[in-house]
Amino acid sequence: MIGKRVVKEKPVPLAEVLGILEKVKKEGELEYWQRLTYDYAQKFAKVKPKEAQELMEELLKMDKIKEHLAVAIIDLMPETKEDLELIFSKERVKLEEDEANKVLELVKKYSG
């Protein structure tokens with residue numbers, strides 16, 4: 001870890017983490033913490049990196065959905081309004097009925 005520093009920090013979906021680590025893996029061996037993260041991402045990522053990026057763009061077009069909420073939605077891929085409400089439970093913003101339905105439709109579209 002000597003000589004490495006954080007250049008920027010932003011929330012990314014687990015699928016995107018998997019894509020990043022797959023590129024690093026092709027270049028050489030993964031470090032211990034990278035292997036742990038890679039194994040976790042392989043096990044729990046619910047969409048492919050490209051699909052995650054497309055879904056992120058569509059979710060961010062909605063006014064009430066910020067980047068960290070979009071990441072949570074992509075990682076969890078909620079199937080019901082109750083699941084979606086749990087993601088927003090600590091937020092000051094709540095989705096209206098039509099907005100929640102739109103999010104669930106987008107999730108369904110990308111979950112296959």
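The following dialogue discusses the predicted model shown above.

Visitor: What kind of model is this, and how are its residues numbered?
Guide: This is a predicted model, in which local features need pLDDT of at least 70, side-chain atom pairs count only at pLDDT 80 or more, and totals for chains, interfaces and linings use all residues. Side-chain values use heavy atoms, with hydrogens and water left out, and residues are numbered from 1 along each chain as its sequence is written.

Visitor: How many helices and strands does the chain have?
Guide: Helices (H or I, at least four residues) and strands (E, at least two) are DSSP runs, numbered from the N terminus. The elements run α-α-α-α-α-α from the N terminus on. The C-alpha atoms fill a box of roughly 50 × 30 × 20 Å along the principal axes. The count is 6 helices and 0 strands.

Visitor: Is glycine 19 buried or exposed?
Guide: Glycine 19 is placed in helix α1 (residues 14-27). Buried means under 20% relative accessible area, exposed over 50%, and partly exposed in between (1.4 Å probe, protein chains only). Of the 112 residues of the chain, 32% count as buried. Because its relative accessibility is 15%, glycine 19 counts as buried.

Visitor: How is the aromatic pair of tyrosine 40 and phenylalanine 44 classed?
Guide: The structure holds 1 aromatic pair. The ring centres of tyrosine 40 and phenylalanine 44 are 4.7 Å apart and the planes stand at 45°, so the pair is tilted. Rings of Phe, Tyr and Trp (its six-membered ring) pair if their centres lie within 6.5 Å; planes under 30 degrees apart count as stacked, over 60 as edge-to-face and the rest as tilted. The class of this pair is therefore tilted.

Visitor: Where in the chain do tyrosine 40 and phenylalanine 44 lie?
Guide: Tyrosine 40 is partly exposed at 47% relative accessibility, and phenylalanine 44 is partly exposed with a relative accessible area of 40%. The two residues are 4 apart, about one turn of the helix. Both lie in helix α2 (residues 32-44).

Visitor: Which residue forms a salt bridge with lysine 81?
Guide: A salt bridge is a side-chain nitrogen of Lys or Arg within 4 Å of a carboxyl oxygen of Asp or Glu. A search of the whole structure finds 5 salt bridges. Lysine 81 is partly exposed, with a relative accessible area of 26%. Its closest N and O atoms in the salt bridge are 2.1 Å apart, and the partner is glutamate 97.

Visitor: Is glutamate 79 buried or exposed?
Guide: Glutamate 79 is placed in the loop between α4 (67-76) and α5 (81-87). Glu79, Glu82, Asp83 and Glu85 gather in a surface patch of negative charge (a patch is made of residues with over 30% relative accessible area and no salt bridge, like charges being joined within 9 Å and nonpolar side chains within 5 Å). Because its relative accessible area is 70%, glutamate 79 is exposed.

Notes: Areas by Shrake-Rupley, 256 points an atom, 1.4 Å probe, with all protein chains shown as cover. Lys, Arg positive; Asp, Glu negative; His and termini not counted. Charge placed at Lys NZ, Arg CZ, Asp CG, Glu CD.
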